[in-house]
Amino acid sequence: MDLFLEGITRFINGTGLAKIFTATADTPLAFAGVDFGTILMLVISCLLIYLAIGKEFEPLLLLPIAFGMLLANLPLSNLLHNVLFVGTGEEEHFVMDFGKILHEGGLLDLLYLGVKLGIYPSLIFLGIGAMTDFSPLIANPKSLLLGAAAQLGVFVAFYGALLIGFDILPAMSIGIIGGADGPTAILVTKTLAPKLLPAIAIAAYSYMALIPIIQPPIMKALTTKKERLVKMKQLRSVSKLERLIFPIIVTIVVALIVPDAVPLVGCLMLGNLIKESGVAERLSKTIQNELMNIVTIFLGVTVGATASADTFLRLETLGIVLLGLIAFSISTAGGLLFGKLMYVLTKGKVNPLIGSAGVSAVPMAARVSQMVGSKEDPTNFLLMHAMGPNVAGVIGSAVAAGVFLTMAKVLF
């Protein structure tokens, strides 16, 4: 009987529930032996799952991220070990031990190598390229300027992070959130500030998902009703030759100016060239569907799994999330203000609302421009005009990332 009771006691003490209610003093947000940090992270995970399913906020991205976060915070799950990738913080120069990861790591540790080695972000860009039509940008090259203007928040947040005490490399990683491009933020952060990856990835993808909520108030505040009612002329048709030449020229120009942006821009343009060539339909369909879906699942789950209570529940994380919101808001404002300038210069031929689509969230930002415009006039169709700045923003965010990576090489 005593042996049976001892077995039951050991079983209970070995459960995750017992782990939550026997927290040690060094556990984040532990009080009276209760691990409130883990409980809070589980609640946040479930909230994100609700937003992904119930509100359909970018569910293809948010759902795997949220469930990855849930898996990481289940007591005693040990699915991903951050220490294998960023160290304990006590090492002067930490270097990943790939042999240790392969022999001691679990499933998510192995999948996370795709993030740490920069594989997933580039493959995501390959898929984006295969699903993107650059015709609106080619037909209206001026929209490239709107995409560039919408990167304003990236550099404002970078300097803002420096002013409040972040070191230069973490500040670069925080700034890139303003581009509203998850893969770009991941690529920069995993290289420059890997310990901040959970907070920055969650912030970047959260703001991408919340674009329909964040952008409209800014758009209405910075534009007048007269400006929002502007109807733009139909874009000219773009020839197949132009669509074929465009990705080749962009790749060459970016490589010559910002070589560190080539992994992202090169994959983006390769995917687009495969689609536009018309001779590799099987490859194009595979990239757009099977490859893109698989990589999205792996990227989302592993990034979410890095957000454990001990790495996520810090004042530093709240500062990053706030700076990310400021960066994204300023990027939206930058595109809108440049749109207003174009409205003046063209004597009312450009609707400033398309400037907000200059952030890199394709095609959500363009849809929001259409949504806000159609509320003023249901017969006003801005979607194709907004797609120009939107796809320009993809290129712009990748170039901004390349600038930061180049700066880091020069400085360090």
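## Aromatic pairs

Let's start with the rings: the count comes to six aromatic pairs, where rings of Phe, Tyr and Trp (its six-membered ring) pair if their centres lie within 6.5 Å. F85 belongs to helix α5 and Y112 to helix α7 (residues 107-116), so to speak two distant parts of the chain, 27 residues apart. Helices here are DSSP runs (H or I, at least four residues), as strands are (E, at least two), numbered from the N terminus.

A word on the model: this one is predicted, so local features need pLDDT of at least 70 and side-chain atom pairs count only at pLDDT 80 or more, while totals for chains, interfaces and linings use all residues. Residues are numbered from 1 along each chain as its sequence is written, and side-chain values use heavy atoms, with hydrogens and water left out.

## Helix packing

Axes are lines fitted to C-alpha atoms, for helices over the stretch in contact, and angles run from 0 to 180 degrees between N-to-C directions; 65 to 115 counts as roughly perpendicular, under 35 as roughly parallel, over 145 as roughly antiparallel and the rest as oblique. On the α7 side, L108, L111, Y112 and V115 meet F298, L299, V301, T302, V303 and A305 of α19, with contact meaning heavy atoms within 4.5 Å. By class that gives nine nonpolar residues, one polar and no charged. For the classes, Ala, Val, Leu, Ile, Met, Phe, Trp, Tyr, Cys and Pro are nonpolar, Asp, Glu, Lys and Arg are charged, and the others, Gly among them, are polar.

Then there's helix α18 (residues 262-277) against α23, at an angle of about 155° and with axes 8 Å apart. That makes α18 roughly antiparallel to α23. L264, V265, L268 and M269 of α18 make the contact with V394, I395 and A398 of α23. In this contact, seven residues are nonpolar, with no polar and no charged ones.

The largest pocket has a volume of about 950 Å³. Its lining takes in 37 residues, with A72, S308, A309, D310 and T311 nearest the centre. Two or more lining residues come from each of α4 (59-73), α5 (83-86), α14 (197-209) and α20 (309-312), and α20 gives the most, with three. The lining splits into 16 nonpolar, 15 polar and six charged residues. A pocket is an open set of points on a 1 Å grid over the protein atoms alone, with protein on both sides within 12 Å along at least five of seven lines, and lining residues have an atom within 4 Å of a point. Grid points are joined across faces, edges and corners, and a volume is the space filled by probe spheres set on the points.

The second largest pocket holds about 800 Å³. Of its 29 lining residues, E58, M131, M292, V362 and P363 are closest to the centre.

## The cavity

There is one cavity of 30 Å³ or more, a cavity being a set of points where a 1.4 Å probe fits but cannot get out. The largest cavity has about 40 Å³ of space. K195, L196, A199, T311, R314, E316, T317 and I320 line it, and helix α21 (residues 315-345) gives the most, with three residues. The lining has three nonpolar, two polar and three charged residues.

Key
Phe/Tyr/Trp six-rings, centres within 6.5 Å; stacked < 30°, edge-to-face > 60°.
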